[in-house]
Amino acid sequence: MKIFASFSILIVSLFSLNCFSQYQPKSNDLDKKIQEKFINLLEFPIDSNAIPRTMNISTGVVKKVASKDWTSGFFAGNLWQIYKLTDDVRYKNRAALWNSYIEKEKFNGKTHDMGFKVYCSFGKGLQVEKNDKYKSIIIKSAQTLITRFNSKIGAIRSWDHNKDSWDFPVIIDNMLNLELLFEASKLSGDSKYRDIAIQHANTTLKNHFRKDNSCFHVVDYDTITGAVRSRGTHQGFNDQSSWARGQSWAVYGFTMTYRYTKNKEYLKQAEATAKYYINNKTMPEDGIPYWDFNDTGIPNSPRDASSAAVMASALV
């Protein structure tokens, strides 16, 4: 089985060195190796159809995606992060160039992934510099995203595929796109984006969680009545299982919505799901979970570093 490493792991490595510099060994070999990898990040040809997504750590082969891919904003976002950590203007300039090749996604209303794509790239850029163009792109992206909102259900539609199985599917991942809406309201002064984000969070809070505080991956709604049609998974082990990354999305999403709203119910749910995750009987000692907590193949099942990274960020 090929093992892939997200470029975000490089960010975690540098962040660790930056925050815990007093514990660095006398040798700077590790630091040099990390810096060499970062320099390589500057060399990828800029192309909206070939945005770096993952690297095979065995072969060094990079998987690339088009701007419409849900992860397309991550690479530029990582470059913005590296600039913030290093003050090396090369990363800032490169991040801005990659951003320009993602901008067209602000019109893409065929997906819920607007926050992943646009806020991870332009939002990070806006944290670095005051840029009116970035502000307008974020607001336009929010306008596009809310076209997927159904007021009867009180949620933003996640996917358009599998229409023979789902009427109006909402996935736990969608919580991550709400940050774009909260920020759009702050930037524009228009509360409609924030209001829709809160409605989506409330609907998710009501219907996505089990009594043990784990969450379902997909909840499907009836567009006529607004009622729940089914609860299950599309990426987990089975409909009743706890997909590891989904639990991380939940903790991150509700921690973030608490930060914007101060609604303690959001924080309470985030804490409860974090405890379910951290204290799960299948959790390995190193804190990197199996891809699904209920996979019957544990301990011989794949592990999910992306879930661990999202959870770590959520807890921070």
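The legends below describe several close-up views of one predicted model. Residues are numbered from 1 along each chain as its sequence is written, and side-chain values use heavy atoms, with hydrogens and water left out. Because this is a predicted model, local features need pLDDT of at least 70 and side-chain atom pairs count only at pLDDT 80 or more, while totals for chains, interfaces and linings use all residues.

**View 1. Confidence along the chain, given as pLDDT (the predictor's confidence in each residue, from 0 to 100).** The mean pLDDT of the chain is 90, and 88% of its residues reach 70 or more. Residues 1–27 have a pLDDT below 50, and this stretch makes 40 contacts in the model beyond near neighbours in sequence, a contact being heavy atoms within 4.5 Å.

**View 2. The stacked rings of Phe182 and Tyr260.** The whole structure holds 16 aromatic pairs, where rings of Phe, Tyr and Trp (its six-membered ring) pair if their centres lie within 6.5 Å, and planes under 30 degrees apart count as stacked, over 60 as edge-to-face and the rest as tilted. In the pair of Phe182 and Tyr260, the centres are 4.7 Å apart, with 10 degrees between the planes. This pair links distant parts of the chain, since Phe182 belongs to helix H7 (residues 178–188) and Tyr260 to helix H9 (residues 244–261), 78 residues apart; helices (H or I, at least four residues) and strands (E, at least two) are DSSP runs, numbered from the N terminus. Phe182 is buried at a relative accessible area of 2%, and Tyr260 is buried at 14%, with buried meaning under 20% relative accessible area, exposed over 50% and partly exposed in between (1.4 Å probe, protein chains only).

**View 3. The edge-to-face pair of Tyr277 and Phe293.** The ring centres of Tyr277 and Phe293 are 5.4 Å apart and their planes stand at 90 degrees, so the pair is edge-to-face. It links Tyr277 in helix H10 (residues 264–278) with Phe293 in the loop between H10 and helix H11 (305–315), 16 residues apart, and both Tyr277 and Phe293 are buried.

View 4. His112 is buried, with a relative accessible area of 1%. Its side chain makes polar contacts with the side chain of Asp113 at 3.0 Å and with that of Asn174 at 3.4 Å; a polar contact is a pair of N or O atoms within 3.5 Å, where within protein one must be able to donate a hydrogen and the other to accept it, and residues adjacent in sequence count only if both atoms are side-chain atoms. The C-alpha atoms of His112 and Arg157 are separated by 6.8 Å, although these residues are 45 apart along the chain.

**View 5. Glu103, in the loop between helix H4 (89–100) and helix H5 (114–128).** Glu103 counts as buried at 18% relative accessibility, and its side chain makes a polar contact of 3.4 Å with the side chain of Lys133. Neighbours within four places in sequence left aside, Glu103 is in contact with Phe122, Lys133 and Ile137.

**View 6. The largest nonpolar core, with 63 residues.** A nonpolar core is a set of buried Ala, Val, Leu, Ile, Met, Phe, Trp, Tyr and Cys residues joined through side-chain atoms within 4.5 Å. Leu79, Leu178 and Leu181 have the most contacts inside this core, and H9 gives the most to it, with seven residues.
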